[in-house]
Amino acid sequence: MSAAANTSGPVAWIAVDWGTSRLRGWAMAADGRPVEARDSADGMGGLAPDQFGPALDRLTAGWPGDVPVIACGMVGSRQGWVEAPYAAVPCAPLAVTPVRVPGPRAVHIVPGLKQAAPPDVMRGEETQIAGYLAAHPGWDGVICLPGTHTKWAEISAGEVVSFRTFMTGELYALLSAHSVLRHSVAEGWDEAAFAAGVDDAIARPAEIAALLFRIRADHLLNGTAPGRAAARLSGLLIGAELAAARPYWLGREVAIIGADRIAAAYAAALSAQAVPVDRAGAEDMTLRGLAAARLLLGATR
């Protein structure tokens, strides 16, 4: 478990982002600023139903036990602590009151969003979207949330109108570690190779399977540096995603919510298509969104 302190007052509530592989929590002051941040490896994917409570207790040891806990992410999935049913779009990102976990502790889970046609779901991203809208009242446009499963969400009048999910991050992990490309790809980066990969995939998305194998051939025949190959792989996959997501970003105002490195890659790819973007940090938007969920919970009591 890791921790980072930033003292700014007594703890009024606890914010939790509970993903498949990681559990992150923040002791929050009444003014919405984090007092202390902690994280652990107690992700949803490794816990049985009766282990969620003890995992939260371990994470929050020493913090007040009588303050509300507002959680988002996979903790509310069918395999999580308590299922928080999806709200159907079009709707506000926080369209449904957080679900109370049975027990003595006041733990509330933010529901995710679902889309009937084409079928799609999100958990956790709705909270970041709510955080962005709380920081930018009246904003309309498209929000891109890059990650293992990248989301593109169309926002209008404070609602998520539609969204699409792309397995770009997971495909990168699989191809770089479990395909023939693992012999050619390693840590490193090359901006020119990334940009060329984006351009090639946008121009010829139907050839993506051939373009991907060319990474291996180029390494064998020309000794391409592994870092350059990694950047090209990332560029091809993000470029293919942008080609498919064109109706979302073309001529639209776009905001990117994500960690610095991946958000920077998406921003560079979109900027090359003459799309201006606004970037926001994932942690900041998560905390703003959880604060908005806390207010919603208070308003519905």
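## Ser-234 and its surroundings

Let's start with one residue in this predicted model. Ser-234 touches Tyr-172, Trp-189 and Phe-194, leaving out residues up to four places away in sequence. You will find Ser-234 in helix H6. Is Ser-234 buried or exposed? Its relative accessible area is 11%, and buried means under 20%, so Ser-234 is buried.

Two packed helices are described by the angle between their axes and the distance between the axes. Keep both in mind as we look at H6, which covers residues 226-244.

Take helix H5 (residues 208-222) to begin with: its axis and that of H6 come within 10 Å and cross at roughly 175°. An angle over 145 degrees counts as roughly antiparallel, so H5 is roughly antiparallel to H6. On the H5 side, the contact is made by Ile-208, Leu-211, Leu-212 and Ile-215. H6 brings Ala-229, Arg-232, Leu-233, Leu-236, Leu-237 and Ala-240 to the contact. Sorted by type, the residues of this contact of H5 with H6 are nine nonpolar, no polar and one charged.

## Helix H6 and its partner H8

H6 also meets helix H8. Here the two axes come within 11 Å and cross at roughly 55°, which makes H6 oblique to H8. The crossing of H6 and H8 is right-handed. Which residues meet here? From H6 they are Ile-238, Glu-241 and Leu-242, and from H8 they are Ile-262, Ala-265, Tyr-266, Ala-269 and Leu-270. This contact of H6 with H8 divides into seven nonpolar residues, no polar ones and one charged.

## A closer look at H8

H8 runs over residues 260-271, and you can check its length yourself. At 1.5 Å a residue, its twelve residues should span 16 Å, and the end C-alpha atoms are 16 Å apart, so the two values agree. The buried residues of H8 are Ala-263, Ala-265, Tyr-266, Ala-267, Ala-269 and Leu-270.

Ala-84 sits in the loop between strand E5 (69-73) and strand E6 (87-88). With a relative accessibility of 0%, Ala-84 counts as buried. Setting aside neighbours within four places in sequence, Ala-84 is in contact with Gly-76, Val-99, Ile-109, Val-110, Pro-111, Gly-112 and Arg-123. Ala-84 and Pro-98 are 14 residues apart in sequence, and their C-alpha atoms are 7.6 Å apart in space.

Thr-286 belongs to helix H9 (residues 282-299). Its relative accessibility is 1%, so Thr-286 counts as buried too. Apart from neighbours within four places in sequence, Thr-286 is in contact with Asp-17, Cys-72, Thr-127 and Gln-128.

Most residues other than glycine have a negative phi, and most peptide bonds are trans. Where does this model have cis peptide bonds? One joins Val-89 and Pro-90, with omega about 0°. Pro-90 is in the loop between E6 and strand E7 (99-100). Another runs from Ala-117 to Pro-118, with omega near -10°. Pro-118 is in the loop between strand E9 (113-115) and strand E10 (120-122).

Now for positive phi. Ala-157 is not a glycine, yet its phi is about 55°. Ala-157 lies in the loop between strand E12 (150-156) and strand E13 (159-166), and it is exposed, with a relative accessible area of 69%. Ala-274 has a positive phi near 65°. Ala-274 lies in the loop between H8 and strand E15 (277-280). Its relative accessible area is 66%, so Ala-274 is exposed.

Methods. Residues are numbered from 1 along each chain as its sequence is written. This is a predicted model: local features need pLDDT of at least 70, side-chain atom pairs count only at pLDDT 80 or more; totals for chains, interfaces and linings use all residues. Side-chain values use heavy atoms; hydrogens and water are left out. Helices (H or I, at least four residues) and strands (E, at least two) are DSSP runs, numbered from the N terminus. The expected span of a helix is 1.5 Å times one less than its number of residues. Buried means under 20% relative accessible area, exposed over 50%, partly exposed in between (1.4 Å probe, protein chains only). Axes are lines fitted to C-alpha atoms, for helices over the stretch in contact, and angles run from 0 to 180 degrees between N-to-C directions. Angles under 35 degrees count as roughly parallel, over 145 as roughly antiparallel, 65 to 115 as roughly perpendicular and the rest as oblique. A crossing is left-handed if the near helix is turned anticlockwise from the far one by less than a right angle, and right-handed if clockwise. Contact means heavy atoms within 4.5 Å. Ala, Val, Leu, Ile, Met, Phe, Trp, Tyr, Cys and Pro count as nonpolar, Asp, Glu, Lys and Arg as charged, and the others, Gly among them, as polar.
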